[in-house]
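Have a look at the structure, then read on.

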Amino acid sequence: MFSLTELGKRLKEAREQQNISLEDLQKLTKIQKRYLTGIEEGNYDLMPGKFYVRAFIKQYCEAVGLNADEIFEEYKADIPRSQNEDIPEQLSRVKTRKQEVTAKQPSSSKLLDLLPTIIVVVVIIGIAMLVWFFLQNHDTDKPSDNATPKTGAEIEQSDNASKDASAKSSATNTGTDDKKDKADKADKSEDKKKTDKKDDKKDEQKDDATKEEPAKDQTITEVQKSGKTATLQLQNADAFKVEITSSNDTWLGVQNATGKSYYNALLAKGTTQSFDFSQEKEVRFNIGFSPGVQVKVNGKPLALPFDPSQKVQQKITIQYQPTAAQ
């Protein structure tokens with residue numbers, strides 16, 4: 001029976017502080033339970049080789065929120081050394097942001113390759129529309145081919161008839177022009193009054209609209225950040241609803257300022273937990289494995305205060321004050 005080494009005690013205390021059992025740790029790291037027990041007891045003979053001892057210890061540290069480099073440096077005398085001291089990145093199941101960006105690059109490069117073709121198509125369509133518009137206007141300017149030209153006699157008769165008609169109409173309309181002018185002036189004066197009233201009403205409505213303050217979007221500001229603990233403040237929001245989705249197994253603890261626990265268990269891969277904290281003033285979140293967690297506040301994604309590749313475990317406090325109370 002092996003006794004716990006100093007390194008084993010350190011790792012076991014960190015695991016128990018997170019309320020993580022060996023079975024939960026096995027799910028998080030994908031390392032068999034007997035190897036995890038061997039690490040805590042310092043029984044490295046159970047491992048497949050010295051190289052795996054260092055790899056397993058690194059994954060153990062990441063799962064319980066310890067800095068693996070600091071652990072290796074502090075307990076280097078207790079940890080077996082292998083020929084290759086560097087632990088390859090592929091043995092760590094933590095996906096960094098850099099790897100995610102690299103995975104997304106092929107789709108963006110395809111879009112760039114298609115960009116010249118798209119521009120050419122748009123230019124061709126624009127030219128075709130300009131040509132069509134020019135031809136339409138050109139056709140409307142041409143005189144009608146079906147119109148038959150008039151003879152000189154017909155033109156003269158037409159001119160004489162129009163002169164006679166205009167003379168008669170001018171004689172009959174002379175007496176009524178004055179009456180029409182007066183009526184037109186009265187109508188214009190009345191229309192102007194109505195238009196002025198409408199303009200005054202529009203100006204009053206515009207003034208009322210400018211007096212109303214525009215609605216503000218919710219803001220989340222950083223109040224304090226130290227170590228792996230951060231405090232945020234939610235403002236300009238009528239509600240405080242949170243959704244936490246896990247793309248990998250992670251331990252999640254949620255409680256309010258008085259210590260009331262809303263959740264304290266393993267959040268399995270592909271599951272989502274939803275909370276309504278609209279009646280709370282402060283809520284604390286303890287995330288054991290932040291690279292596999294996405295958080296939304298009132299339906300909007302929340303960027304974690306620390307880089308998940310640098311801070312695996314993150315403790316986040318969100319303070320909330322409803323809009324009506326501000």
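**Loop residues at a glance**

Lys30 has a relative accessible area of 47%, so Lys30 counts as partly exposed (buried means under 20% relative accessible area, exposed over 50%, and partly exposed in between, with a 1.4 Å probe and protein chains only). This is a predicted model, where local features need pLDDT of at least 70, side-chain atom pairs count only at pLDDT 80 or more, and totals for chains, interfaces and linings use all residues. Residues are numbered from 1 along each chain as its sequence is written, and side-chain values use heavy atoms, leaving out hydrogens and water.

**Positive phi values**

- Lys30 sits in the loop between H2 and helix H3 (33-41) (helices, H or I of at least four residues, and strands, E of at least two, are DSSP runs numbered from the N terminus).
- The phi of Lys30 is near 65°, a positive value in a residue other than glycine.
- Asn19 lies in the loop between helix H1 (6-17) and helix H2 (22-29), and its phi, near 55°, is positive too.
- Most residues other than glycine have a negative phi.
- Asn19 is partly exposed, at 46% relative accessibility.

**A buried glutamine**

- Gln313, in the loop between E9 and strand E10 (314-320), is buried at 3% relative accessibility.
- Its side chain makes polar contacts with the side chains of Gln18 (3.1 Å) and Lys228 (2.7 Å); a polar contact is a pair of N or O atoms within 3.5 Å, and within protein one must be able to donate a hydrogen and the other to accept it, while residues adjacent in sequence count only if both atoms are side-chain atoms.

**An exposed glycine**

- Gly299 is exposed, with a relative accessible area of 54%.
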